[in-house]
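Thanks, everyone. Please bring up the sequence and the model, and we will walk through them.

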Amino acid sequence: MSILLVDIGNTRVKWALLRGARFTPGTPLVHEGKADALGALMKRAPRDVERVLAVSVAGARLNQALTRAPRARELRVEFVKSGRKAGGVANGYKDVWRLGADRWVGAIGAHALAQRFLRHRPMLKAPLLENRHVEARHPHSTSASLLRA
């Protein structure tokens, strides 16, 4: 079974195939707000894709374009939303949606990679990620992303 992973940003669509434990990144597409880029992505997707998992910050129009594109192949697109807890990471926002889904999956992925790294280096494990709070602040923003690992 293959899973098509899709990240719809404000200007580009990044994607990859996940076949078992093998991750194969694709060439990013520039969408410039045009929905046809998502149709092109689905046309290029291998026939063995059985699932589409997406994260998006691009808005409803492009999300709907991706949702409509795979229907011909009877695939349903699943969009990741920010949650309270997942993969060992807790979202510190009172309103969990305030942490963008793209940053949410990035934090979960980073946590998983860190855990894998530390598993092979037990002498480092003790204080590094236990009960730590991470605040990420964009240089042009007054708000911060709060995560707990």
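Let me start with E32. E32 is exposed, at a relative accessible area of 58%. For the classes, buried is under 20% relative accessible area, exposed is over 50%, and partly exposed is in between, with a 1.4 Å probe and protein chains only.

A word on the basis. This is a predicted model, where local features need pLDDT of at least 70 and side-chain atom pairs count only at pLDDT 80 or more, while totals for chains, interfaces and linings use all residues. Residues are numbered from 1 along each chain as its sequence is written, and side-chain values use heavy atoms, with hydrogens and water left out.

Back to E32. It sits in the loop between β4 and α1. Helices here are DSSP runs of H or I with at least four residues, strands are runs of E with at least two, and both are numbered from the N terminus. E32 is not a glycine, yet its phi is positive, about 45°.

E32 also has a partner. Its side chain meets that of K34 in a salt bridge, 3.9 Å from N to O. The criterion is a side-chain nitrogen of Lys or Arg within 4 Å of a carboxyl oxygen of Asp or Glu. K34 is partly exposed, at 48%.

How many salt bridges does a search of the whole structure find? Six. One of them joins R76 and E78, again at 3.9 Å, N to O. R76 is exposed at 60% relative accessibility. E78 is partly exposed at 23%. Shared partners link R51, R76 and E78 into one network. R98 pairs with D95, and their closest N and O atoms are 3.5 Å apart. D95 is partly exposed, with a relative accessible area of 31%.

Next, helix α1, residues 36-44. Its buried residues include A37, L38, L41 and M42.

On the face turned away from the buried side, α1 carries the exposed residues D36 and K43.

Now the largest pocket. It holds about 520 Å³ of space. Of the 18 residues that line it, L5, F23, V55, V105 and G106 are the closest to its centre. On a 1 Å grid over the protein atoms alone, a pocket is an open set of points where a 1.4 Å probe fits, with protein on both sides within 12 Å along at least five of seven lines; lining residues have an atom within 4 Å of a point.

Which element gives the largest share of the lining? That is α3, with six residues. β1, β2, β3 (22-25), β5 and α3 (101-119) each supply at least two.

Last stop, N91. N91 lies in strand β8, residues 89-91, and is buried, with a relative accessible area of 2%. N91 and A107 are 16 residues apart in sequence and 9.5 Å apart in space, C-alpha to C-alpha.

Terms used. Points joined across faces, edges and corners; volume = space filled by probe spheres on them.
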